[in-house]
Amino acid sequence: MKLVFILGDAAVGKMTVGQELMKITDLRLFHNHVTIEPVLEVFGEWNFHVISSLRDIMFEEFAKSEQYGMIVTLMLAFDEQEDWDYLEHIKDFFRPYNTEFYYVELFAPQEIRLKRNTTENRLRHKASKRDIEQSNRRLLNDDAAHRFVSYDGEIPFENYIKIDNSDLPPEQAAQIIKKQFHL
């Protein structure tokens with residue numbers, strides 16, 4: 001099985017690139033809002049315990065399946081050990097199945113991400129982003145509080161690629177990922 005992590009800051013295009021990668025491979029997409037949105041709808045607030053529990057069930061069952069592989073999108077704060085630990089937690093579900101791990105880091109400047117924060121595709125799949133003013137405020141606050149772009153040489157993983165997708169259509173980014181990792 002193959003597990004492709006697409007990492008990056010808010011509104012950088014993780015889900016959209018993941019959607020395009022799914023179209024051209026046999027990989028399935030698990031974008032991080034698959035579990036966030038229903039929990040927000042049911043609980044009316046952020047509940048990481050429930051979100052994490054749902055994710056764990058999905059990862060555990062998917063790892064045991066006969067699927068080709070999965071794309072997982074995550075915001076990873078490179079300055080937070082907790083985020084690194086969570087990445088390893090996800091991998092733990094897949095390790096017993098001889099999974100190959102791949103890492104894609106997307107990055108783009110804040111002004112581009114603020115524009116992408118209002119795209120139709122994003123708002124269709126992420127109800128919590130539809131209050132644009134609040135969503136923009138969260139993006140700016142996250143940028144001020146954490147570092148979501150890695151330093152050169154910081155990523156210790158073998159199968160890693162960093163893509164500046166500022167001016168790169170998602171279809172092209174997906175093609176680069178597919179070719180780089182022979183997916």
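This is a predicted model: local features need pLDDT of at least 70, side-chain atom pairs count only at pLDDT 80 or more; totals for chains, interfaces and linings use all residues.

Me: Where does Asn47 lie?

Reply: Helices (H or I, at least four residues) and strands (E, at least two) are DSSP runs, numbered from the N terminus. Asn47 lies in the loop between helix 2 (33-43) and helix 3 (48-64).

Me: Which backbone nitrogen lies 3.1 Å from a polar atom of the Asn47 side chain?

Reply: That of Val50. The backbone nitrogen of His49 also has a polar atom of the Asn47 side chain, at 3.2 Å.

Me: How many aromatic pairs are there?

Reply: Rings of Phe, Tyr and Trp (its six-membered ring) pair if their centres lie within 6.5 Å; planes under 30 degrees apart count as stacked, over 60 as edge-to-face and the rest as tilted. The count here comes to ten aromatic pairs. Phe48 and Tyr86 form an edge-to-face one, 6.0 Å centre to centre with 70° between the planes. This pair links distant parts of the chain: Phe48 is in helix 3 and Tyr86 in helix 4 (residues 81-94), 38 residues apart. Elsewhere, ring pairs link Phe5, Phe78, Trp84, Tyr103 and Phe157 into a cluster.

Me: Is Tyr86 buried or exposed?

Reply: Buried means under 20% relative accessible area, exposed over 50%, partly exposed in between (1.4 Å probe, protein chains only). Tyr86 is buried, at 14%.

Me: Which ring does the charged end of Lys91 sit over?

Reply: A charge sits over a ring if NZ of Lys or CZ of Arg is within 6 Å of the ring centre and within 35 degrees of the ring normal. For Lys91 the ring is that of Phe101, with its centre 5.2 Å away. The charged end of Lys162 sits over the ring of Phe107, 5.2 Å from its centre.

Me: Which residues are buried in helix 8?

Reply: An α-helix has 3.6 residues a turn, so residues three or four places apart point the same way. In helix 8 (residues 170-181), the buried ones are Ala173, Ala174, Ile177 and Phe181. They cover an arc of only 100° around the axis, so they are on the same side of helix 8. The arc is that of the directions from the helix axis to the C-beta atoms.

Me: What comes just after helix 8?

Reply: His182, which takes a positive phi of about 55°.

Note on methods. Residues are numbered from 1 along each chain as its sequence is written. Side-chain values use heavy atoms; hydrogens and water are left out. A polar contact is a pair of N or O atoms within 3.5 Å; within protein, one must be able to donate a hydrogen and the other to accept it, and residues adjacent in sequence count only if both atoms are side-chain atoms. The expected span of a helix is 1.5 Å times one less than its number of residues.
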